[in-house]
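Take a moment with the sequence and the model before reading on.

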Amino acid sequence: MRAIKSILLVLLLLCLWIPPIYASVPIWTMEQGLTIKAMSISEDGEQVAVGTQNATAILLQQDGTQQFEFAAKNVVTGVALLNDGQMLVSSDDRHLYKLDAKGEEIWSRDFRKMIKNLSATPDGKRVIITLHNESVIRLLDEQGEVLQEIPVGIAVKTAALSPNGQWLAAGAANQYAYMFGPSGEQLFQIPLDGDIQHVAVGDNGTLVVGSSNNKAVIYSSEGDSLGELVTKDKVTSVHITNDGAFVAVADYSGNYYVADEGGSLLWSTKEVGAGQQIRFSADGTRLFAGSDQGAVFQYEVGAVLAQGKQAAMTQKMLQIGAVVVSIVLIALLFLWLWRKKPHILQRLWRSKLAYAMLLPSFTLLIIFLYIPAFSGLIHSLYDWNPGARSEFIGLDNFRRMLNDPYVTKGVGNLLILIVTGLIKALIPPLIVAELIYHLRSKRSQYVFRTFFVISMVIPSVGMLLVWQDMYDPNIGLVNQVLRMIGLGSLSHAWLGDPNTALWAIIMMGFPFVGILQLLVLYSGLIAIPDEVIEAARIDGAKSFRIIRTIHLPLLAGQFKLLIVLGLIGIIQDFGSILIVTGGGPADSTYVPALQMYFAATKFNDLGYASALGVSMFAIIMIITVINMKFIKTNTD
């Protein structure tokens with residue numbers, strides 16, 4: 001048995017000692033630290049052009065050396081490096097500029113509106129731009145003159161041209177992605193869920209669309225879905241290699257991804273700041289990314305893909321090793337039982353039919369209860385991406401909680417909810433239970449119990465919505481009553497003020513007579529022997545003394561149960577806050593469970609959500625053990 005414990009301890013230490021992967025060093029960082037708004041890579045991958053929020057276009061060498069800087073009159077919204085070393089620059093100053101290899105202006109064109117998108121073929125013979133809030137895509141020649149206006153029908157948010165100039169993709173404000181041919185004819189349109197943030201198209205017509213619902217969706221040149229990559233935050237930029245073999249994605253949380261043409265994740269990393277731009281070099285061997293911190297990062301695609309394969313292989317080997325170790329441990333356990341306590345195995349064999357009948361129930365219990373719980377514990381140590389590669393990060397998710405302002409605020413709110421929640425769960429139901437218990441007529445006791453229990457048929461969501469209407473600042477019952485009694489000055493937007501929102505939630509459900517708590521306490525009261533009560537009355541004890549010296553001590557078991565259930569319910573509950581305030585205003589009603597829910601469903605950060613769930617489980621367990629240890633019942 002000592003050997004088994006030693007093996008488990010060694011495995012745990014090995015897991016905790018695996019070092020996490022840290023962010024890389026940028027090749028270049030803008031001194032002001034402002035957002036990289038646009039990016040373009042030269043055909044040979046030796047030069048990087050960036051457009052910045054401080055109205056400059058900068059040409060960098062591969063090693064980060066700055067070659068030149070061009071100053072526009074407003075935010076630079078697009079850059080495009082051409083084969084001859086020249087560069088196109090678009091800006092919110094309404095101009096499109098063409099620069100020579102030294103950064104000197106060759107010509108500029110004034111389009112009377114802010115230019116929001118720029119894309120060009122490497123030879124510069126086909127150039128497209130879109131203007132602010134316009135529903136057409138302008139196709140330009142080498143001199144910036146308009147050759148054709150391609151109608152989309154609704155405001156264009158993003159547009160991209162394939163390197164060979166044969167495909168033109170656009171994303172519009174109506175959440176549709178459009179594909180056009182070389183002559184501007186529309187080939188297909190596709191509806192998406194969420195606002196379209198960015199599009200990219202390869203020479204083979206493969207289309208990538210990044211949306212605000214944390215997805216990058218990949219389509220063939222015929223408009224058929226090839227797959228999708230789920231990200232941890234809204235997509236900010238997408239790109240695709242010329243041959244359509246690899247897709248790159250950046251999201252708002254600073255995560256950068258590489259996937260294959262089917263959307264299967266091959267590699268990911270996280271850098272400081274929000275991801276803003278991502279581009280492959282023309283040959284697909286290098287990947288460049290830009291953040292809102294003014295940083296530009298470079299990755300060797302072959303190296304990062306090899307890193308991703310190595311991590312996937314390591315994870316697979318760990319999984320196989322875990323299965324093998326589990327089998328060995330089970331075999332060792334049976335061997336130990338056979339040698340040390342054979343009567344246990346004999347007893348199990350004699351009752352084999354009973355255990356066989358219990359097996360289906362235990363199987364369902366293990367599959368739907370214990371396996372998800374242990375899965376959450378394991379995945380809390382990973383940057384978990386279901387269906388794709390998950391990266392082991394040790395305790396980083398738990399360290400992140402310590403610096404998460406929403407968790408910090410949520411813990412403070414949770415402490416207030418625990419104290420008030422336990423008061424509401426114990427005192428009002430106890431008072432009502434005592435009142436019903438002291439009714440002389442058994443029939444009256446039955447009638448009042450029934451009236452209280454009937455309220456259980458009211459859906460909890462319905463009750464929350466009723467209270468939400470009662471708190472309405474204009475027509476809500478609370479403010480109306482205050483005005484009726486002359487206290488109109490106290491009327492308030494109770495759920496809209498950070499100072500009162502949490503207390504408004506606490507007061508929902510007044511007068512706080514929980515039916516489960518009432519029935520538990522009432523059943524405890526009627527279980528007290530009548531002889532004990534009569535003896536106390538003969539000794540001259542009044543009702544309040546009987547409650548204090550007999551009822552309360554004999555209800556200790558009920559109090560213990562209700563405290564444990566109350567703590568579990570309060571710590572795990574986020575539904576009422578989600579429905580009524582959504583955690584707002586600001587973060588005034590946030591709780592850790594709500595952050596867990598948002599991390600899992602809104603931000604797709606399942607590893608962090610698992611860590612939050614494990615932490616709440618640990619807190620509940622500790623509090624439950626303390627409660628069981630220090631609250632004594634008459635049977636303890």
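How much of the chain is helix over residues 317–338? Here the chain is 100% helix and 0% strand, with its end C-alpha atoms 31 Å apart.

## About the model

This is a predicted model, in which local features need pLDDT of at least 70 and side-chain atom pairs count only at pLDDT 80 or more, while totals for chains, interfaces and linings use all residues. Residues are numbered from 1 along each chain as its sequence is written, and side-chain values use heavy atoms, leaving out hydrogens and water.

## Transmembrane regions

An unreviewed UniProt entry lists several stretches as "transmembrane region", among them 317–338 and 501–528; such annotations may be inferred rather than shown by experiment. Over residues 501–528 the chain is 68% helix and 0% strand, and the end C-alpha atoms lie 42 Å apart.

## Salt bridges

The structure holds 12 salt bridges (a side-chain nitrogen of Lys or Arg within 4 Å of a carboxyl oxygen of Asp or Glu). One of them joins glutamate 145 and arginine 109, at 3.4 Å from N to O. Glutamate 145 sits in the loop between β12 and β13 and arginine 109 in strand β9, so the pair ties together parts 36 residues apart in sequence (strands are DSSP runs of E, at least two residues, numbered from the N terminus).

Lysine 113 and glutamate 134 also meet in a salt bridge. Lysine 113 is partly exposed at 34% relative accessible area, whereas glutamate 134 is buried at 16% (buried is under 20%, exposed over 50%, partly exposed in between, with a 1.4 Å probe and protein chains only).

Key: Helices (H or I, at least four residues) and strands (E, at least two) are DSSP runs, numbered from the N terminus.
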